[in-house]
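Hello,

Here is the structure you are taking over. Please open it beside this email and follow along.

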Amino acid sequence: MKKYLVCICFVGLFACDTPKSQKEYTGKRQFRTNDPSRLFFKNMRSAYYFRSRRPNSKKDIYTLKKNSKDTDRPLLHPLIINDWMNDMTFVFIEKNKYKYFPNDNLNIMWQHADSTGSFVWKSLTKEAQFEFTGAIYDGLLKGYDMAMVSEKGDTIPFLDVHQDRKNFAVVMRDFYKLTE
């Protein structure tokens with residue numbers, strides 16, 4: 001009996017494959033994704049999003065279904081862009097149709113206890129959008145009160161509705177789970 005058990009162990013040991021190495025990633029780390037993260041997102045989280053794809057593109061665009069359609073207040077909706085051909089994912093910003101959004105720089109001022117500051121979005125690059133949305137997300141987690149400087153120059157409350165804050169945080173949390 002021991003003889004058969006030893007033979008089965010040797011056969012089982014040599015029958016196992018060694019894991020294949022993953023391809024080397026050459027892009028920036030904050031945008032890298034992998035198959036398990038994408039699979040989790042697709043199976044567990046994508047039901048909460050609208051998925052679209054632009055013509056002649058290999059990128060899936062995910063927009064949260066719960067995003068508000070209101071145009072009477074300024075809102076930024078983060079979009080998750082999944083470039084599945086290159087194992088990358090990005091977060092882009094989509095403005096709602098609020099009529100006083102500034103055309104150039106977007107300045108979000110924050111206040112918490114005795115401190116104040118601002119987040120400025122100047123560029124449309126993926127790195128700038130990543131940093132800007134990350135700063136807003138950190139501010140939401142810390143409980144900052146935020147206001148936007150409008151095109152007219154006045155300050156308007158920004159993400160002051162609980163559901164808007166929650167929606168922004170959900171998308172950013174899903175994005176961070178998608179990246180390594």
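Helix α3 lies across β5, β6, β7 and β8. Against β6, α3 runs at about 155°. Keep in mind that this is a predicted model.

Now look at the sheet under discussion. Its four strands come in the order β6-β5-β7-β8. The sheet is open, and its pairing is antiparallel. Strands β6 (115-121) and β8 (155-158) are the edges, each pairing on one side only. On average, neighbouring strands are turned by 30° against each other, direction ignored. Strands of a sheet pair through backbone hydrogen bonds, either parallel or antiparallel.

Take one pair from it. β5 (residues 106-112) and β7 (residues 145-149) are joined by four bridges. Find Ile108, then look across to β7: Met148 stands opposite.

Next, β1 and β2. They pair in the antiparallel sense, again over four bridges. Arg51 has Tyr62 in β2 as its bridge partner. Six residues sit between the strands of this hairpin. Asn56 takes a positive phi there, near 60°.

Last, helix α4. It spans residues 162-178, which is 17 residues. From first C-alpha to last it reaches 24 Å, close to the 24 Å expected at 1.5 Å a residue. Which residues of α4 are buried? Among them are Asp164, Arg165, Phe168, Val171, Met172, Phe175 and Leu178. An α-helix has 3.6 residues a turn, so residues three or four places apart point the same way. What covers the buried residues of α4? The cover includes helices α2 (35-45) and α3 (126-142). Strands β1 (49-52), β2 (59-64), β3 (76-83) and β4 (88-95) are also included.

Best wishes

Notes:
Residues are numbered from 1 along each chain as its sequence is written. This is a predicted model: local features need pLDDT of at least 70, side-chain atom pairs count only at pLDDT 80 or more; totals for chains, interfaces and linings use all residues. Side-chain values use heavy atoms; hydrogens and water are left out. Helices (H or I, at least four residues) and strands (E, at least two) are DSSP runs, numbered from the N terminus. The expected span of a helix is 1.5 Å times one less than its number of residues. Buried means under 20% relative accessible area, exposed over 50%, partly exposed in between (1.4 Å probe, protein chains only). Contact means heavy atoms within 4.5 Å. Two strands pair if DSSP finds at least two bridges between them. Axes are lines fitted to C-alpha atoms, for helices over the stretch in contact, and angles run from 0 to 180 degrees between N-to-C directions.
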